[in-house]
Amino acid sequence: MLSAIIMTLATSVYAQSNENNVAELIKAAKKEGQIYSVGMPDSWANWQGTWQDLSQQYGIKHQDTDMSSAQEIAKFAAEKNKATADIGDVGASFGPIAVQKEVTQAYKPTTWQQIPDWAKDKDGHWALAYTGTIAFMINNELVQDAPKRWDDLLRGKYRVTVGDVGIAAQANNALLAAAYARGGDENNLQPAVDFFAQLAKQKRLSINNPTLANIEKGEVEVAILWDFNALNYRDQINRDRFTVVIPTDGSVISGYTTIINKYAQHPNAAKLAREFIFSDQGQINLAAGYARPIRAEHINLPAEIKAKLLSDEQYKNAKPITDFVGWEKSSRQLPKMWQQQVLIHLQ
């Protein structure tokens with residue numbers, strides 16, 4: 001299957017102004033022989049599978065330094081022509097920020113037309129390779145009436161763990177998901193703040209980070225977190241012990257995008273990595289790590305990998321962020337709102 005993909009790539013013309021084809025890109029990338037990434041460790045979204053394929057097929061060696069999205073962009077900007085990183089993986093909202101800071105270079109993979117418009121930069125500076133959707137992870141041993149909607153959380157007798165709102169991206173997106181479900185949006189998080197304030201008043205809100213360790217110990221009854229984290233934790237601990245659902249009354253779809261360093265010392269290897277990431281095999285690799293590939297509707301996932309993921313039906317009321325400017329502004333205001341309107345009830 002991989003050989004068929006390579007043959008397809010080698011005969012395609014990728015969308016770049018210099019009109020080099022992928023066969024030439026492969027040749028140039030092999031000559032460079034290595035790639036340095038940031039924020040793309042083996043354990044995250046099964047990047048290990050992609051790095052192994054690139055090594056086995058093209059002889060490209062790989063090293064990664066894990067860091068946050070903001071740190072990746074700052075690194076690109078600070079090092080400039082002395083770049084020690086070629087490519088990074090950042091949260092969706094950081095793609096436009098990287099472009100604004102002029103630290104990226106464009107590359108459109110040959111599967112570009114199969115990437116939704118909302119999930120890509122029109123010029124090819126960024127494109128989401130996989131998505132995450134805010135989900136509920138429920139400990140079946142501790143919760144009898146499993147919640148399916150946000151309103152169900154208010155009627156429960158269990159504690160709800162959301163994490164460090166105002167700091168952690170996962171927790172912030174949990175707020176946005178609740179806002180979507182309760183009539184708010186990227187510019188209006190008040191409905192979500194009011195919702196969590198009610199949980200806090202009931203003394204049923206936990207602001208601990210829902211990690212694998214504390215979930216496994218039974219310290220978390222219901223957690224709000226990315227679907228790929230929830231599914232991964234579920235299978236690592238005990239598949240039957242937990243239920244993972246996307247809230248039926250609304251959630252947020254976000255994701256992660258590669259950014260190629262404008263100053264990359266191995267630019268062709270970085271472009272080939274993006275090309276492969278958006279190929280069928282690259283997308284399957286991500287799905288094997290519980291990430292939902294952006295081209296999911298265009299590929300046939302192996303049955304054993306598809307069984308790890310939630311059904312398409314669960315995502316029908318989840319929607320992507322469309323106003324990145326509004327969301328960035330609201331995110332800056334969120335720590336103060338959270339402290340003054342929610343945390344005050346936990347004291």
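Me: How many salt bridges does the rule give here?
Reply: The count comes to 13 salt bridges. The model is predicted, and side-chain atom pairs count only at pLDDT 80 or more.

Me: What makes the contact of glutamate 79 with lysine 75 a salt bridge?
Reply: The closest N and O atoms of glutamate 79 and lysine 75 are 2.9 Å apart. A salt bridge requires a side-chain nitrogen of Lys or Arg within 4 Å of a carboxyl oxygen of Asp or Glu, so the pair qualifies. The two residues are four apart in helix α4 (residues 69-79), which means that about one helical turn separates them.

Me: Why is glutamate 79 called partly exposed?
Reply: Its relative accessibility is 23%. Buried means under 20% and exposed means over 50%, so glutamate 79 falls in between.

Me: Which parts of the chain does the salt bridge of arginine 295 and aspartate 280 link?
Reply: The side chains of arginine 295 and aspartate 280 meet at 2.9 Å, N to O. Arginine 295 is in the loop between β11 (292-293) and α13 (303-306), whereas aspartate 280 is in helix α12 (residues 280-288), and the pair, 15 residues apart, links distant parts of the chain.

Me: How do you know whether arginine 295 is buried or exposed?
Reply: Arginine 295 has 3% relative accessibility, which is under 20%, and therefore counts as buried.

Me: Why is lysine 316 called exposed?
Reply: The relative accessible area of lysine 316 is 59%, which is over 50%, so the residue is exposed. Lysine 316 also forms a salt bridge with glutamate 313, with the closest N and O atoms 3.1 Å apart.

Me: What makes helix α7 mostly covered?
Reply: Twelve of the 13 residues in α7 are buried, including Gln170, Asn172, Leu175 and Tyr180. The helix (residues 169-181) reaches 18 Å from its first C-alpha to its last, close to the 18 Å expected at 1.5 Å a residue. Just after α7, glycine 183 takes a positive phi of about 95 degrees.

Me: Where do α3 and α11 meet, and how do their axes cross?
Reply: The axes of helix α3 (residues 47-58) and helix α11 (residues 267-277) come within 11 Å and cross at roughly 115 degrees. Among the residues in contact are Trp47, Trp51 and Leu54 in α3, and Leu272 and Phe276 in α11. By class, the contact has eight nonpolar, one polar and one charged residues.

Conventions:
Residues are numbered from 1 along each chain as its sequence is written. This is a predicted model: local features need pLDDT of at least 70, side-chain atom pairs count only at pLDDT 80 or more; totals for chains, interfaces and linings use all residues. Side-chain values use heavy atoms; hydrogens and water are left out. Axes are lines fitted to C-alpha atoms, for helices over the stretch in contact, and angles run from 0 to 180 degrees between N-to-C directions. Contact means heavy atoms within 4.5 Å. Ala, Val, Leu, Ile, Met, Phe, Trp, Tyr, Cys and Pro count as nonpolar, Asp, Glu, Lys and Arg as charged, and the others, Gly among them, as polar. Buried means under 20% relative accessible area, exposed over 50%, partly exposed in between (1.4 Å probe, protein chains only). The expected span of a helix is 1.5 Å times one less than its number of residues.
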